[in-house]
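Visitor: I'm new to reading protein structures. Could you walk me through one, a feature at a time?
Guide: Happy to. Here it is.

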Amino acid sequence: MKTNKKDIISILLGNTLLALAVILFIVPGHLLSGGTTGISLFLNHYFHLPISIFTFIFNFIVFIIGALILNLLYKHLFQLSIIHLF
């Protein structure tokens, strides 16, 4: 499957919206969300671990598993997604 510009723009826009939602609404409101971000927020609240570091580590583990199971397209799109979050 071929990656096109629309896919890349969609990934970058989606990641930007997610990051803004977490920083502007979820963290100041002391809310939890689901998935990796929710686990990161939980650990940040109780153990003061940085949200971005834990999210990166957990996503990297998921990336390795996905790269082993799925094809290279997933790997490249996931790399783009992770890099854009920082």
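Visitor: Which residues of α3 are buried?
Guide: Buried means under 20% relative accessible area, exposed means over 50%, and partly exposed is in between (1.4 Å probe, protein chains only). In α3 the buried residues are Thr55, Asn59, Phe63 and Gly66. They cover an arc of only 75° around the axis, which puts them on the same side of α3. That arc is taken from the directions that run from the helix axis to the C-beta atoms.

Visitor: What should I know about the model itself?
Guide: It is a predicted model, where local features need pLDDT of at least 70 and side-chain atom pairs count only at pLDDT 80 or more, while totals for chains, interfaces and linings use all residues. Residues are numbered from 1 along each chain as its sequence is written, and side-chain values use heavy atoms, with hydrogens and water left out.

Visitor: How many helices and strands does the chain have?
Guide: Helices (H or I, at least four residues) and strands (E, at least two) are DSSP runs, numbered from the N terminus. This chain has four helices and zero strands, giving the pattern α-α-α-α along the sequence. Of its 86 residues, 20% count as buried.

Visitor: Which residues of α1 are buried?
Guide: Asn15, Val22 and Ile26. Looking down the axis of α1, you'd find these buried residues within an arc of 75°, so they line one face of the helix.

Visitor: And which exposed residues sit on the face of α1 turned away from the buried side?
Guide: That face carries Lys5, Lys6, Ile9, Leu13, Leu17, Ile23, Leu24 and Phe25.

Visitor: What happens at the start of α1?
Guide: There, a side-chain oxygen of Asn4 reaches to within 3.2 Å of the backbone nitrogen of Lys6.

Visitor: How do the axes of α2 and α3 cross?
Guide: Axes are lines fitted to C-alpha atoms, for helices over the stretch in contact, and the angles run from 0 to 180 degrees between N-to-C directions. The axes of α2 (residues 35-47) and α3 (residues 51-69) come within 9 Å and cross at roughly 140°. That makes α2 oblique to α3; under 35 degrees counts as roughly parallel, over 145 as roughly antiparallel, 65 to 115 as roughly perpendicular, and the rest as oblique.

Visitor: Where is His30, and is it buried or exposed?
Guide: His30 is found in the loop between α1 and α2, and it is exposed, with a relative accessible area of 68%. Phi of His30 is near 55°, a positive value in a residue other than glycine. Now look at His48, in the loop between α2 and α3: its phi is near 60°, again positive, and His48 is exposed at 66%.

Visitor: What is the C-alpha separation of Gly66 and Phe78?
Guide: They are 12 residues apart along the chain, and their C-alpha atoms are separated by 9.0 Å. Gly66 itself is buried, with a relative accessible area of 8%.

Key
Polar contact = N/O pair within 3.5 Å; in protein donor to acceptor, adjacent residues only side chain to side chain.
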